[in-house]
Amino acid sequence: KQGYQRRVHGKQWYQRRVHGRCATLDNKSNFTTPISLVKLALFVCDAYARFNHKGQARAKYVPKPFVLAALNEAANTYLIAGVPSRSAAEKKSENSFFTAFRSSAQEVDARFKHDGFEGSVIEVQREDYKRFHENLLTSVIDHM
């Protein structure tokens, strides 16, 4: 269940071998609003579904949840957005990221802001992000 870490174009990508994918933008970015981060996450998921790492059309694709985090240096926080797999989105069930984000933040005592309006987005203090991220990948996202 251990993930691995790699760098792509100067960005750190944390990729799960089986259950899901997660990327972290540690450099200054313009993705500091929930809508812009969710749109970027959707774009990345769409590109990943269509093309493999060599830029060739993908023959088959198994949808998995995707989590994208971006550093907001001005607020000293990470903004984190979750995109469910297509199969989970088609079920039209309750937003599983709302529950996953909240329980992961509470388990590691992270300082966070998570309103009910956009349940698939959470803001976590920079100092708490690593613990939140590790907990999310190792225990919570496996059940999505």
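Guide: Let us begin with confidence: pLDDT is the predictor's confidence in each residue, from 0 to 100. The protein chain averages a pLDDT of 79, and 74% of the residues score at least 70.

This is a predicted model, in which local features need pLDDT of at least 70 and side-chain atom pairs count only at pLDDT 80 or more, while totals for chains, interfaces and linings use all residues. Residues are numbered from 1 along each chain as its sequence is written, and side-chain values use heavy atoms, leaving out hydrogens and water.

A nonpolar core is a set of buried Ala, Val, Leu, Ile, Met, Phe, Trp, Tyr and Cys residues joined through side-chain atoms within 4.5 Å. Buried means under 20% relative accessible area, exposed over 50%, and partly exposed in between (1.4 Å probe, protein chains only).

The largest such core has 18 residues, and Val67, Ile80, Phe101, Ile122 and Phe132 have the most contacts inside it. At least two of its residues come from each of strands E4 (66–72), E5 (77–83) and E7 (121–125) and helices H3 (96–107) and H4 (126–140). Helices (H or I, at least four residues) and strands (E, at least two) are DSSP runs, numbered from the N terminus. Beyond four places in sequence, Ile122 touches residues including Ile80, Phe101 and Phe132.

A second, separate core of 15 residues includes Leu37, Val44, Cys45 and Val83. Cys45 is buried, with a relative accessible area of 13%.

Methods. Contact = heavy atoms within 4.5 Å.
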